[in-house]
Structure formats: C-alpha cells, structure tokens
Amino acid sequence: MSNLVGIKNNKVVVSSKQIAEKFGKEHKDVLESLRQVLVAENSATKFFEKSSYKYRGRDFPIYYMNRDGFTLLVMGFTGDKAIKWKIKYINAFNEMEAKL
C-alpha cells in the first residue's frame, strides 16, 4: 500500500495524477476540483504544492498534497469505488507517517 503515497520534502504526499488514476478521473478534472478548493479557501494553499511534469516535450501542472489536502480534495468524490480508495489512502498515509 505504500506505493499510494510518497515522500517529498520530508512530507508524506500524493500527486493529483495519482488521484486521477486511482479514482478513475481525468487529471484535468482533478485539477479543476483542486482549483475550486483553493479558490473557496485560500488558507488551503498550505496543503498543496504546485509543480509540473513533462509529457511529450510539454510541461503540465501537477499538485502534490499532504493528508489534509487529499482529504479536502476527495471529500466530494462519491460512489463505492471512491470510498474504497479513500480508505486505502487513509491507511497508506497512516503507514507512511508511522515509518517517519
């Protein structure tokens, strides 16, 4: 389960791309949901770190989020599949944080 989260700058994080993949969403839609969170609550910026990745020679945005950012983002995701993935990620965050 540790492959669900990783360490970046000594913090346990997950990327917006990973969230899109695991929850069966388009990355652009996850980014839009994330931007809505940031617009609605400016103080939430401390939970997210914007970065970029290269694909076919172009730069694309990606966000890394800690447990709180993950929780804010996926709180609105619904359905049986979403609930199962939320539980898996909660467990992965707990396991990785215990290792640190």
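**Notebook: surface, fold and selected residues**

I began with the surface: the protein exposes about 6,400 Å², and carbon and sulfur atoms supply 49% of that area. I note here that the model is predicted.

**Entry 1, overall fold.** I listed the secondary structure and found four helices and four strands. Along the sequence these elements follow the pattern β-β-α-α-β-β-α-α. I then checked the radius of gyration, which is 13 Å; the globule rule gives 13 Å for 100 residues, so the protein is as compact as a globular protein of that length. Taken along the principal axes, the box filled by the C-alpha atoms is roughly 35 × 30 × 30 Å. I looked up burial next: 34% of the 100 residues count as buried. For the contacts between residues at least 6 apart in sequence, I recorded that 60% join residues at least 24 apart.

I examined how helix H1 (residues 16-23) packs with helix H4 (residues 80-99). Their axes come within 10 Å and cross at roughly 135°. The two helices are therefore oblique to each other, since an angle over 145 degrees would be needed to count as roughly antiparallel. On the H1 side I noted Gln18, Ile19, Lys22 and Phe23, which meet Lys81, Ala82, Trp85, Lys86 and Tyr89 of H4. Sorted by class, this contact has five nonpolar, one polar and three charged residues.

I located tyrosine 63 in strand S4 (residues 58-65). Its relative accessible area is 8%; tyrosine 63 is therefore buried, the cut-off being under 20%. Leaving out residues up to four places away in sequence, I found that tyrosine 63 touches Val14, Ser15, Ser16, Leu31, Leu34, Leu38, Phe48, Glu49 and Lys50.

I turned to the loop between strand S1 (6-8) and strand S2 (11-15), where asparagine 9 is found. Asparagine 10 has its place in the loop between S1 and S2. Phi of asparagine 9 is near 55°, which I noted as a positive value in a residue other than glycine. For asparagine 10, phi is near 65°, a positive value in a residue other than glycine. I then checked accessibility: asparagine 9 counts as exposed at 57%, and asparagine 10 is exposed with a relative accessible area of 64%.

Notes. Residues numbered from 1 in each chain as written. Predicted model: local features only at pLDDT ≥ 70, side-chain atom pairs only at ≥ 80, totals over all residues. Heavy atoms only, no water. Axes fitted to C-alpha atoms, helices over the stretch in contact; angles between N-to-C directions. Parallel < 35°, antiparallel > 145°, perpendicular 65-115°, else oblique. Contact = heavy atoms within 4.5 Å. Nonpolar A, V, L, I, M, F, W, Y, C, P; charged D, E, K, R; others polar. Rg over C-alpha atoms; globule rule 2.2 N^0.38 Å. Buried < 20%, exposed > 50% of the residue type's maximum accessible area, 1.4 Å probe, protein only. Areas by Shrake-Rupley, 256 points an atom, 1.4 Å probe, with all protein chains shown as cover.
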